[in-house]
Amino acid sequence: FAAINAGFFRLDDSVFVGDSAGVLQIDGKLLSESYKNRIALFITNNSKQTLVNINHLNLMGTIQFKKKTFNFIGLNRQRSEDDLVIFTPEFSDTTLTSKDGLEIVVEKNKITKIFNGKGNSVIPQNGFVISVIGKNQEEIYANASIGQKINFQFSHVNFGEGLTDNPENLAPSHISTEDIVGGVPLILLNGKIKITWEQEKTSKSFVETKHPRTAVAKLKDGKFLMITVDGRSEESGGIDLQNLAEILLELGATDAMNLDGGGSTTMFLDGKVVNKPSDKEGERKVSDAILVFPRKK
């Protein structure tokens with residue numbers, strides 16, 4: 001009965017349009033890696049309430065071939081020049097990669113195919129594809145063999161400076177959290193304005209310029225607040241993050257973060273869009289959204 005747009009995503013004319021530009025986890029399955037230690041929203045539903053946490057998140061992936069362990073951060077995104085990316089079935093039918101890398105097809109946690117110098121491999125529904133190019137390519141190729149058992153995992157590296165002031169504010173492990181979505185930046189922490197744009201590698205102009213904005217917050221009583229602010233029109237000029245943080249404080253927020261804004265900013269309530277999206281075409285197709293449903297009894 002309610003929804004807002006959520007994380008940032010790739011918006012261009014390539015085949016990768018819509019790819020999440022930060023961490024994304026749905027129903028306990030990680031679909032996209034974290035980006036530059038940016039802020040994230042953790043959501044867990046239980047029988048009586050929905051628990052939310054807001055915290056910086058930096059994930060590091062590891063994968064082992066024989067006794068050799070390799071680190072990686074890429075998950076379901078375009079492979080770059082010197083990279084190791086895992087592709088799961090949620091990404092696409094194939095890896096959409098060029099032919100100059102190494103691709104290892106894994107089904108039911110066992111290597112079934114190895115392609116060195118051949119890209120765009122089919123992603124199995126019961127497994128994943130390891131795609132590597134650059135400095136680790138030859139070493140992984142030398143250590144991979146058909147039938148070998150393979151697993152990969154992600155773990156937290158750190159939560160960022162300033163976010164462990166209150167032990168209760170630590171984000172739960174992504175393994176035990178249902179849903180995670182990334183944003184940028186943090187704007188409130190423990191009832192105080194704390195805009196961590198430098199730590200999260202965004203720009204001062206992004207923070208200070210008035211834009212349409214979407215944000216989420218945790219209130220003093222533990223409730224969850226979703227807010228949108230229109231902009232780029234005669235009716236509304238948008239808002240900067242300092243003023244947005246001040247408004248959220250007035251509304252009783254203790255912790256808050258900024259989500260994708262601009263033309264993406266949209267709020268849905270009781271069957272209709274209740275704000276005015278700023279794109280000329282109206283509602284924008286977005287990568288992901290936060291949806292509110294009646295609690296299951």
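Me: Two strands pair if DSSP finds at least two bridges between them. How many bridges join β2 and β3 here?

Reply: First, the ground rules. This is a predicted model, where local features need pLDDT of at least 70, side-chain atom pairs count only at pLDDT 80 or more, and totals for chains, interfaces and linings use all residues. Residues are numbered from 1 along each chain as its sequence is written, and side-chain values use heavy atoms, with hydrogens and water left out. Strands (E, at least two residues) and helices (H or I, at least four) are DSSP runs, numbered from the N terminus. Now the case: β2 covers residues 24–26, and three bridges tie this strand to β3 in the antiparallel sense. Across that pairing, Ile 26 faces Lys 29 of β3.

Me: Which sheet do these two strands belong to, and in what order?

Reply: An open sheet of five strands, ordered β3-β2-β14-β4-β5. Its pairing is antiparallel. Neighbouring strands are turned by 25° against each other on average, direction ignored. For such angles, axes are lines fitted to C-alpha atoms (for helices, over the stretch in contact), and angles between N-to-C directions run from 0 to 180 degrees.

Me: Which strands form the open sheet with β19 in it?

Reply: Five again: β16-β15-β19-β17-β18, with antiparallel pairing. The edge strands are β16 (192–193) and β18 (224–229). Each has a single partner strand, so one side of each lacks a neighbour in the sheet.

Me: How many bridges join β17 to β19?

Reply: Five. β17 spans residues 213–219, β19 spans 253–258, and the two run antiparallel. Leu 219 sits opposite Ala 253 in β19.

Me: Which helix packs on this sheet?

Reply: Helix α3, residues 241–250. The helix touches β15 (186–189), β16, β17, β18 and β19; contact means heavy atoms within 4.5 Å. The directions of α3 and β15 make an angle of about 35°.

Me: How many aromatic pairs are there?

Reply: Eight. Rings of Phe, Tyr and Trp (its six-membered ring) pair if their centres lie within 6.5 Å; planes under 30 degrees apart are stacked, over 60 edge-to-face, the rest tilted.

Me: Why is the pair of Phe 72 and Phe 152 called edge-to-face?

Reply: Their ring planes stand at 70°, with centres 6.1 Å apart, so the pair is edge-to-face. This pair links distant parts of the chain. Phe 72 lies in β7 (residues 68–72), Phe 152 in β13 (residues 152–158), and 80 residues separate them.
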